[in-house]
Amino acid sequence: MEKTIADKKIFEYKDKIFGFAMEKMRNINQAEELASDIIYEVYRSFLRADSIDNCDGYVYRIARNVWAQYIHKLETGRRFESIQEGMLASPVEEEDDGMAEVLRREIGYLSKRQRIIIYMHYYEKLSVAEIADRLNLSPGTVKWHLSDARTKLKVGMDMERNEQNLEVNPIKFVSMGHGGHAGESGDTHDMFDTRLKQNIAWACYHQPRTLEEIAREVGVPQVYVADNLEKLVDFAYIDRLDSSKNPKYQTNMVLTDLRLPDDGRGQMFDDAANILCEKYIPEIFEEFERNPDHWGMTCDGDDINFLKYHVAMMAILSLEFTDTGEEFKKISVKRPDGGDFIAFASVEDDKSKKYNREDNPYWVCGYMERSEFCEKEEECRQHREDAFASISLDCRFADRSGDWRNNLESDWESLAKFINKGKDSLRAEEYKCLCDKGYLYQDRVQPVVVRTTCKEGATLHTFMEDFTHHMIKVPEEIVRLAEDTDQRMRKLNQNVYPKHMWEAVQLMSTDNLGVPDMVPRVIEKLLEKGLLEPITEVQKKAVLSILFLQE
């Protein structure tokens, strides 16, 4: 019988069972204990039975058998307060068959109140009335907790652990990141620094769960789960869904299960990249080379091949048609440390193929935008000389480490000062940092530079955002390809992600052909077709980075 049906049926029979127990015992304390034992046996039988023809008769037979056993134990002078033949009264003495450890584990999954009541009743041998007095509870509440805890312990001790259970086969996060602005405490990678936190988030991702249910799923006592869960809730990686005494929780981040079978999306992007490299980007390259000032883009040695790497990145950026800024603001999660982002991670386990970023030829970190600009016109004029904006993307074709953490506004500000005011304007440590990162090589600037004159009241940041769409016009054939790709991705995502995350997933994967992941795919194929040539080791330090400056 399914658990939901068994839960419903046991609720229907609980009053009848208590009435049966009262009739037999004529003592409320003993009746409640007997009823608790009957409910446990009936519930366990429900779970094991495929179908029951006469449910009333079935429950009555179980009730009579449990009653007979209860009377026998009373008559032989043995208390029936223990669970699993006296296990709770002396847990250490039963270690020969491992059941003591199982019992301690199951007690750990109980709520704090139930753990205390179980301990006081079975270990300190306090009566219900004494416990009620100590905890300032009614005797009825204590009895209910004892009954509920006994049922949970017995069911939990009989429960078989399967390979899907996180206690047996825990998951781990790989490829963690964020879409938006990280806060002072960092991003997803910084928060999920233990596998326990990762498994807590996965346990309540596809369906809401209570603290107790999460603890059972991950196989860790509630007291440890509670501390970690509280922090994840505080930073809004997990939502508390209600304000009841026993609330349910659900994870609010995009988690991609790498263990799922291939659904064809990789091939879909490969096919799209081939089309872009045959029917779209070659024409953009030709137009770029025909333009006498190369769209205002300059680099060390005026290396056209090096500039075309950045044109390829711009060609992919041009396929971002939708302004998702307002929609993103609605679903982006505000963190207490100032972070404002959607968190994401990929999921695998110890039995699945180990994820290694270097084994993934299409890993990216980008598009990383950095800028120093002022919204007010007057302040723009005051800081005109120092204004800058930059966009960068890290992938296997760029020899950089540190991802977004190493892409600092201070470095771009230093590079802007070097270009505008010369080497003497930099402190020694600023100059060394630019050389170490490869932004400067033998006092020559390595990233691509674009100079412009912003319109009155405008900023370099807005110019940077409009630059690609101003230079590149997307033909209708490619627009249709992008729309078709988005439609196919929406269908695939609905089969993979839980419904409460669909909005975030769809928003993050809108304009799929314009996402950063497409850049290394396209560069790979452009190299294969001979439309790009390999770049030098020096150039790899600065490739796929563009710095925008005022004239």
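This is a short tour of selected spots in a predicted model.

**Stop one: a charged patch.** Select Glu320, Asp323, Glu327, Glu369, Glu465, Asp466 and Glu503. Together they form a patch of negative charge on the surface. Now pick out Asp323. This residue sits in the loop between helix 14 (304–317) and helix 15 (325–331). Its relative accessibility is 68%, so Asp323 counts as exposed, the cut-off being over 50%.

**Stop two: a cis peptide bond.** Select Gly366 and Tyr367. The peptide bond between them is cis, with omega at about -5 degrees. Tyr367 belongs to strand 9 (residues 365–372). Most peptide bonds are trans.

**Stop three: two positive phi angles.** Most residues other than glycine have a negative phi. Select Trp295. Its phi is positive, about 60 degrees, and it is not a glycine. Look for Trp295 in the loop between helix 13 (281–290) and strand 6 (297–298). Is Trp295 buried or exposed? Trp295 is buried, at a relative accessible area of 6%.

Next, select Asp443. Here too phi is positive, about 65 degrees, in a residue that is not a glycine. Asp443 lies in the loop between strand 11 (440–441) and strand 12 (444–445). With a relative accessible area of 36%, Asp443 is partly exposed.

**Stop four: helix 17.** Select residues 409–421. This helix has 13 residues. From first C-alpha to last it reaches 18 Å, close to the 18 Å expected at 1.5 Å a residue. Finish at Gly422, which follows helix 17 and has a positive phi near 95 degrees.

Note on methods
Residues numbered from 1 in each chain as written. Predicted model: local features only at pLDDT ≥ 70, side-chain atom pairs only at ≥ 80, totals over all residues. Heavy atoms only, no water. Patch = residues over 30% accessible without salt bridge, like charges linked within 9 Å, V, L, I, M, F, W, Y side chains within 5 Å. Areas by Shrake-Rupley, 256 points an atom, 1.4 Å probe, with all protein chains shown as cover. Salt bridge = Lys/Arg side-chain N within 4 Å of Asp/Glu carboxyl O. Lys, Arg positive; Asp, Glu negative; His and termini not counted. Charge placed at Lys NZ, Arg CZ, Asp CG, Glu CD. Helix = DSSP H or I, 4+ residues; strand = E, 2+ residues; numbered from the N terminus. Buried < 20%, exposed > 50% of the residue type's maximum accessible area, 1.4 Å probe, protein only. Expected span 1.5 Å × (residues − 1).
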